[in-house]
Amino acid sequence: GEKINTICHRIYEDPSAPYRVEKLAQAVGLSADHFTRLFRKLRGVTPREYILQARIESAQNLLLSSNHSIGRIAEILGYSDVYFFSRQFKEKVGVSPSAFRK
């Protein structure tokens with residue numbers, strides 16, 4: 001669990017990095033499948049869902065604490081498509097980024 005905690009910490013410190021499950025698994029010396037199973041067992045979500053969660057939480061913080069445009073926030077968090085970002089945000093939070101900010 002220690003290695004998984006380290007990875008979770010890294011994801012939260014830098015949610016915008018283009019994480020790939022294969023690379024994360026490699027970093028802790030596991031196969032991607034085994035890593036995903038272990039991760040889900042410890043965290044209750046897949047690595048991909050966890051990364052998305054970290055990005056969405058980061059977005060919420062930026063929306064509340066900065067004057068960056070939605071497009072800029074999407075960019076900061078590693079999204080190349082602001083509409084995709086907004087859609088993911090709305091799916092997870094229940095409101096659009098601009099509604100969340102109000």
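Begin the tour by selecting Glu-13, which counts as exposed at 60% relative accessibility, where exposed means over 50% relative accessible area, buried means under 20%, and partly exposed is the range in between (1.4 Å probe, protein chains only). This is a predicted model, in which local features need pLDDT of at least 70 and side-chain atom pairs count only at pLDDT 80 or more, while totals for chains, interfaces and linings use all residues. Residues are numbered from 1 along each chain as its sequence is written, and side-chain values use heavy atoms, with hydrogens and water left out.

Glu-13 sits in helix α1, which covers residues 2–13; helices (H or I, at least four residues) and strands (E, at least two) are DSSP runs numbered from the N terminus.

From the C-alpha atom of Glu-2, a line to the C-alpha atom of Val-28, 26 residues apart along the chain, spans 10.0 Å.

Now zoom out to the whole protein. Its secondary structure consists of seven helices and zero strands, so that a cartoon view read along the sequence follows α-α-α-α-α-α-α. The C-alpha atoms fill a box of roughly 40 × 20 × 20 Å along the principal axes. Of the 102 residues, 34% count as buried. Where contact means heavy atoms within 4.5 Å, 50% of the contacts between residues at least 6 apart in sequence join residues at least 24 apart.

With a surface displayed, the protein exposes about 6400 Å², of which carbon and sulfur atoms supply 49%; these areas come from the Shrake-Rupley method with a 1.4 Å probe, and for residues only the protein chains shown count as cover.

Next, look for the largest pocket, whose volume is about 280 Å³. A pocket here is an open set of points on a 1 Å grid over the protein atoms alone, where a 1.4 Å probe fits, with protein on both sides within 12 Å along at least five of seven lines, and lining residues have an atom within 4 Å of a point. The volume is the space filled by probe spheres set on the points, which are joined across faces, edges and corners. To find the pocket, select Tyr-19, Arg-48, Ile-51, Leu-52 and Arg-55, which lie nearest its centre among the 15 lining residues. Then colour α2 (21–27), α4 (47–65) and α6 (82–93), each of which supplies at least two residues of the lining; α4 gives the most, with four.

From α4, step back to Thr-46, in the loop between α3 (32–43) and α4. Thr-46 has a relative accessible area of 15%, and is therefore buried. Leaving aside neighbours within four places in sequence, Thr-46 is in contact with Phe-39 and Arg-40.

Finish with Ser-66, in the loop between α4 and α5 (70–76). Ser-66 counts as buried because its relative accessibility is 15%. Not counting residues up to four places away in sequence, Ser-66 touches Ile-73 and Arg-101. The C-alpha atoms of Ser-66 and Arg-101, which are 35 residues apart along the chain, are separated by 9.9 Å.
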